[in-house]
Amino acid sequence: MAGVRFEWNNQGFRDILQSEGVRELVLEQANAIAQRATANIPEPSEGYTASAKKNPSRWVAGVITTDEASIRAESENKALSRAVN
C-alpha cells in the first residue's frame with residue numbers, strides 16, 4: 001500500500017481564518033450570545049454587546065458588559081456565562 005503525503009498550505013489556512021466570511025461567522029455567534037445574555041438580565045439594561053477583532057492569525061469575537069446592570073447580572077446570576085452554549 002502506497003503512503004499518502006499531505007502538505008499543508010499554512011498561508012491558505014491563515015487566509016481563510018482572516019477572511020471576511022470568518023469575521024461574519026464569529027460575529028454572528030457572538031451577537032447570538034449577547035442577545036441570550038441580555039434576555040437573562042432581570043432589570044432594565046443596555047445588555048451585552050459583541051465585537052470582532054482581527055488577531056495576527058485569525059478573527060476572534062467577544063461579548064462584554066455595557067452597564068452596571070449587565071455587570072451585576074453576570075456577577076449574581078451568571079447571565080453571560082449561561083448564554084454561552
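Biologist: How many salt bridges does a search of the whole structure find?

Modeller: This is a predicted model, and a salt bridge here requires a side-chain nitrogen of Lys or Arg within 4 Å of a carboxyl oxygen of Asp or Glu. One of the pairs is Glu7 with Arg5, at 3.7 Å from N to O, and both of these residues are exposed. Searching the whole structure gives a total of 3 salt bridges.

Biologist: Which salt bridge links distant parts of the chain?

Modeller: The side chains of Glu43 and Arg72 meet in a salt bridge at 3.1 Å, N to O, with Glu43 in the loop between H2 and S1 and Arg72 in helix H3, residues 68-77, 29 residues apart. Glu43 is partly exposed at a relative accessible area of 31%, and Arg72 is also partly exposed, at 30%. The pair that links distant parts of the chain is therefore Glu43 and Arg72.

Biologist: What separates Arg23 and Glu20 in helix H2?

Modeller: The side chains of Arg23 and Glu20 meet in a salt bridge at 2.7 Å, N to O. Arg23 is partly exposed at 22% relative accessibility, and Glu20 is partly exposed at 43%. Because they lie 3 residues apart in helix H2, their separation is about one helical turn.

Biologist: Where do the buried residues of H2 fall, seen down its axis?

Modeller: Val22, Leu27, Ala30, Ile33, Ala34 and Ala37 are buried in H2. Seen down the helix axis, these buried residues lie within an arc of 120°, so they line one face of H2. The face turned away from that side carries the exposed residues Leu25, Glu28, Gln35 and Ala39, whereas the buried residues pack against H1, strand S1, strand S2 and helix H4.

Biologist: Is Val26 partly exposed or buried, and which residues does it contact beyond its neighbours within four places in sequence?

Modeller: Val26 is found in helix H2 and counts as partly exposed, because its relative accessibility is 24%. Its C-alpha atom is separated by 9.8 Å from that of Ala50, 24 residues apart along the chain. Leaving aside neighbours within four places in sequence, Val26 is in contact with Ala52, Trp59, Val60 and Ala61.

Conventions:
Residues numbered from 1 in each chain as written. Predicted model: local features only at pLDDT ≥ 70, side-chain atom pairs only at ≥ 80, totals over all residues. Heavy atoms only, no water. Buried < 20%, exposed > 50% of the residue type's maximum accessible area, 1.4 Å probe, protein only. Helix = DSSP H or I, 4+ residues; strand = E, 2+ residues; numbered from the N terminus. Arc of directions from axis to C-beta. Contact = heavy atoms within 4.5 Å.
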